[in-house]
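Please read the following alongside the sequence and the coordinates.

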Protein chains: 2
Amino acid sequence: KKRILVTGGAGFVGSHLVDRLMLMGHEVIVIDNFFTGSKTNILHWIGHPNFTLMEHDIVTPILIQVDEIYHLACPASPPAYQFNPIKTIETNVIGTSNMLSLAKQVKARFLLTSTSEIYGDPLEHPQKETYWGNVNPIGPRACYDEGKRAAETLTYAYQTQEKVDVRVVRIFNTFGPRMDENDGRVVSNFIMQALQNQDMTIYGDGNQTRSFQFVHDLVDGLISTMRNEFTLPINLGNPVEFTILELAEELKGFIGSESKLVKLPAVQDDPKQRRPDISLAKEKLDWEPKFSRQQGLLETIQYFRQIVEADC
Amino acid sequence: KKRILVTGGAGFVGSHLVDRLMLMGHEVIVIDNFFTGSKTNILHWIGHPNFTLMEHDIVTPILIQVDEIYHLACPASPPAYQFNPIKTIETNVIGTSNMLSLAKQVKARFLLTSTSEIYGDPLEHPQKETYWGNVNPIGPRACYDEGKRAAETLTYAYQTQEKVDVRVVRIFNTFGPRMDENDGRVVSNFIMQALQNQDMTIYGDGNQTRSFQFVHDLVDGLISTMRNEFTLPINLGNPVEFTILELAEELKGFIGSESKLVKLPAVQDDPKQRRPDISLAKEKLDWEPKFSRQQGLLETIQYFRQIVEADC
Ligand SMILES: NC(=O)c1ccc[n+]([C@@H]2O[C@H](COP(=O)([O-])OP(=O)(O)OC[C@H]3O[C@@H](n4cnc5c(N)ncnc54)[C@H](O)[C@@H]3O)[C@@H](O)[C@H]2O)c1
Ligand SMILES: NC(=O)c1ccc[n+]([C@@H]2O[C@H](COP(=O)([O-])OP(=O)(O)OC[C@H]3O[C@@H](n4cnc5c(N)ncnc54)[C@H](O)[C@@H]3O)[C@@H](O)[C@H]2O)c1
Ligand SMILES: O=c1ccn([C@@H]2O[C@H](COP(=O)(O)OP(=O)(O)O)[C@@H](O)[C@H]2O)c(=O)[nH]1
Ligand SMILES: O=c1ccn([C@@H]2O[C@H](COP(=O)(O)OP(=O)(O)O)[C@@H](O)[C@H]2O)c(=O)[nH]1
Ligand SMILES: O=c1ccn([C@@H]2O[C@H](COP(=O)(O)OP(=O)(O)O)[C@@H](O)[C@H]2O)c(=O)[nH]1
Ligand SMILES: O=c1ccn([C@@H]2O[C@H](COP(=O)(O)OP(=O)(O)O)[C@@H](O)[C@H]2O)c(=O)[nH]1
C-alpha cells in the first residue's frame, strides 16, 4: 500500500487512474484546481478513508509526503489550453517544476504525462520515441506543445541534476467516459452531435488521421510505466489509424444517427497524421491496447447518451 | 531620450549594446546577476548619470519604469548553460515571463534575444524564420534550446493575450571582444590556444559548419529591430559559412601560431551545419552585416592578446 499523488486527478484520464489505484487499495491524494476537471468525476470516492481531495493550483508549490506522483495536471484539449496560453505554459513549466521539486524533497517516484503533440506535425510516420518532432514554436498550439516539451526537458534535468526517479509517457489521443462534452475534442463532439442529430463538424477535408486509445488501456500503461525500471519516454497509444471522416461515418452508424457531415475550415497547424509506434512499450512494459475500438466507442456512446438524456 | 532596460547587460553582447545606447544618449539600466557576465564589461559607465547597474536575478520579479526592454539575460555558451540546467530553464521561462509581465505593467516595448539553436540540428539549410526546427527535447542542450523555444512561445502569448509590444530576434553565432575566454566557445578557445601555441581543439572531424557575425553588426541589428514595426522573429547573423577546421587554420595563420590542430571526440547533438537566411532582416530592417570576417577576427585577436599579456 502506497501513498500516491495524482495531480489533475479530477480530469478525464486522472479520474480513471484514481479509480484503479483506489481499487488496488492505495492511499490516493488528488490535487486539482478544477479548471477542466470536475468534482463529479471523483465524487464516488469522497469520504473514503484512503482518499483525499485537495483543491490546489500546481503553479504554487506544495509539500506533502507521498511515495509516487502521477503528474497529469494540465488542460488537454485545444480550446481549454488556448483559453489562457500564458497560464498553460506556467502550468507546464512552473507547475511541473514544483512537482519535480516535491518529488526530490520527499524522494517520490515521478511520472510525467507528456503527449504525442510534442511530435507536432510529424515528418516521421509512425512516430518512435527517438523522433525529435516538428513543432511551430510560435503557433497557436505552442503553449501546449512547447510547454510539454519544456516539461520533459525539466523532468530529465531533475533526473540528471537532482537524481529524481522519473518516468515520462507520451500519450496519444485517448477517449472514453468522462471526456468533457464541451471541450471540443473530436470523439465527444461527434458523439454528442450524432446523438442529437446535429451536423457533425469535420475540420478541413477530414483526411487527417489519428489513432485513438480507450482510456482503460491508457490507465493500464500508466501504472505499468510507474512500476517499471525504464526511465526514458514511452509512447502510449493505439496504433490503429484512421481518418476523421471514417470516424464520423463509423460513429454515425453505431448511433444510427440522421446527422449530416459538414466540412468546416481546417484548424491552423492541425497535424495531418498521427500514429504511435508502440514497440518500445511492448518491449519494456509488455503493454499493448486490449480494447477494440468498437467496444470503446460503444461504451463511450452509452456514457454520453446518459448525459444527453439527463439534459432533456 | 528613452529609459532602456538591458537584462544581461554585463555579458558579452549586452555590454556592447549598452555602449551603443549610452553613446546615443539614452538612460540605460542594466539588470544582471553576474553569472556569466562581469562588472568589468561595463565598468567604464559606472558613475555616469545616465547609467544604473542593478545586481538582480530575473527569476525574481522586479518593477521599474522603462520605455524599452532588451531582454538578453541567459547564459549562452554550452558549458555555462549546462552547469545548472534547471536554472537555465527557469531563467528562460520564469525570467522571460517576469520581464514580459514588467513590459505589460509599464507598457514598454520588449525584445527577446532568441537563438539559432531553436532550429536545433537543422534539416533545412540555410534556415529561414519559418523553419520549425529539429531539437532533441531531452538531450544535453535541451535546457537552452527548449528554454528559448518556450521563451518565444511566451513572448507571442503575451502579445496576443496581453497586447504587449514584442520583438524577437534569433541570433546566430557571434564573436568579438569581451567574449569570456573560459566559456568554451570556439572562437575564444581557438584564439587563446593559438596565442599561447597550445593545441587547437577540434571537436569531431571539424567538418561541421558555422557562420559567425561580429558583435557590432549584431548590436546594429538589435537596435534596428527594436525601432522597427515588424513583430515576428528575425534572424540576425552573417551568412558566410565555413567549417570549424577552416576557422582553425585561418586563425592560426592570422596569429602566426605554432599550434597543432588536434581532433577530440564530437560533442553530443552538435549541429552539423548552421547558416542564417537573412533575407527577412534585409527586407524589413534593411540590415546586413557590414564587417568582414577578417576585420572582426583581427580585432578580437587584439583583445585576447591583451588578456594573455596581462596574465603573464
Ligand atoms: N486525453 C488525451 O487524449 C491526452 C493526450 C495526450 C496527453 N494527455 C495528457 O494527459 C493529462 C490528462 O489529460 P486529460 O485528458 O485528463 O485532461 P483534463 O483536462 O480532463 O484533465 C486535466 C486536469 O488537470 C487539472 N488542472 C489543469 N491545470 C491545473 C493547475 N494549474 N493546477 C491544478 N490542476 C490543474 C484540470 O482541472 C483537470 O482536472 C494531461 O497532462 C494531458 O496533457 C491527454
Ligand atoms: N553570443 C552568441 O553567439 C549568441 C548566439 C545566440 C543567442 N545569444 C543570446 O544573446 C544573449 C546574450 O548572450 P551573450 O553571448 O552576451 O551571453 P553572456 O553569457 O555573455 O551574457 C548573458 C548575461 O546574462 C546574465 N544572466 C544570466 N542569467 C541571469 C539571470 N537569471 N538573471 C540576471 N542575469 C542573468 C549573465 O550574468 C550575463 O551577463 C543571450 O540571451 C543568448 O542566449 C547569443
Ligand atoms: O489554462 C488555464 C486557464 C485558467 N486556469 C485557472 O482557471 C481559473 C479561471 O481562470 P480565468 O483566467 O478565467 O480567471 P482568473 O485567473 O482571472 O481567476 C483560474 O484559477 C485560473 O488560474 C487554469 O488553471 N489553466
Ligand atoms: O469537431 C471536431 C473536432 C476535431 N476535429 C478534428 O479531429 C482531429 C482530432 O482533434 P482533437 O481536438 O480531438 O485532438 P488533437 O487535435 O489534439 O489530436 C483534428 O484533426 C481536428 O481538427 C474535427 O474534425 N471536428
Ligand atoms: O545557469 C545558471 C546557473 C547559476 N546561476 C546563478 O549563479 C549563482 C551561482 O550558482 P551556483 O549553482 O553555483 O550556486 P548556488 O545557486 O548554490 O548559489 C547563483 O546565483 C545562481 O542562481 C545562474 O544565474 N544561471
Ligand atoms: O574548442 C572548441 C570549441 C567548439 N568547437 C566546435 O565549434 C562549433 C561551435 O561551437 P560553439 O560552442 O562556439 O557554438 P555553438 O555550438 O553554440 O554553435 C561546434 O561545432 C563545436 O563542437 C570546437 O571544435 N572546438
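An N or O atom in the side chain of Asp270(B) is 2.7 Å from an oxygen atom of ligand 6. The model that gives this distance is a predicted one. Two further side chains of chain B have a polar atom by an oxygen atom of ligand 6: that of Asn173(B), at 2.9 Å, and that of Gln208(B), at 2.9 Å. On its own, ligand 6 exposes 510 Å², and the protein buries 94% of this area.

The elements of chain B that contribute two or more residues to the shell around ligand 6 are helix α5 (186-195) and strand β8 (200-203). In total, 17 residues surround the ligand, and Val186(B), Asn189(B), Thr201(B), Arg210(B) and Asp270(B) are the closest. Sorted by class, this shell holds six nonpolar, five polar and six charged residues.

Ligand 1 is the next site. Its shell consists of 29 residues, of which Val13(A), Asp32(A), Thr36(A), Leu72(A) and Tyr144(A) are the closest. By class, 13 residues of this shell are nonpolar, 12 are polar and four are charged.

Both backbone and side-chain atoms take part in the polar contacts listed here for ligand 1. A backbone N or O atom of Leu72(A) is 2.7 Å from an oxygen atom of the ligand, and a polar backbone atom of Phe34(A) lies 3.5 Å from an oxygen atom of ligand 1. The side chain of Arg185(A) has an N or O atom 2.8 Å from a nitrogen atom of ligand 1. Of the 820 Å² of accessible area that ligand 1 has on its own, the protein covers 96%. Helix α1 (12-23), strand β5 (109-115) and helix α4 (142-162) of chain A are the elements that give two or more residues to this shell. The most come from β5(A), which supplies three.

The last stop is helix α5 of chain A, residues 186-195. Why is this helix largely enclosed by the rest of the structure? Nine of its 10 residues are buried, and therefore the rest of the structure encloses most of the helix. The buried residues are Val187(A), Ser188(A), Asn189(A), Phe190(A), Ile191(A), Met192(A), Gln193(A), Ala194(A) and Leu195(A). Their cover includes strands β7 (174-175) and β8 (200-203) and helices α7 (244-255) and α9 (293-311), which belong to chain A. After α5(A) comes Asn197(A), with a positive phi near 55°.

Definitions and conventions:
Residues are numbered from 1 along each chain as its sequence is written. Chains are lettered from A and ligands numbered from 1 in the order in which they are written. This is a predicted model: local features need pLDDT of at least 70, side-chain atom pairs count only at pLDDT 80 or more; totals for chains, interfaces and linings use all residues. Side-chain values use heavy atoms; hydrogens and water are left out. Buried means under 20% relative accessible area, exposed over 50%, partly exposed in between (1.4 Å probe, protein chains only). Helices (H or I, at least four residues) and strands (E, at least two) are DSSP runs, numbered from the N terminus. Contact means heavy atoms within 4.5 Å. A residue is near a molecule or strand if one of its heavy atoms lies within 4 Å of it. A polar contact is a pair of N or O atoms within 3.5 Å; within protein, one must be able to donate a hydrogen and the other to accept it, and residues adjacent in sequence count only if both atoms are side-chain atoms. Accessible areas come from the Shrake-Rupley method with a 1.4 Å probe; for residues, only the protein chains shown count as cover. Ala, Val, Leu, Ile, Met, Phe, Trp, Tyr, Cys and Pro count as nonpolar, Asp, Glu, Lys and Arg as charged, and the others, Gly among them, as polar.
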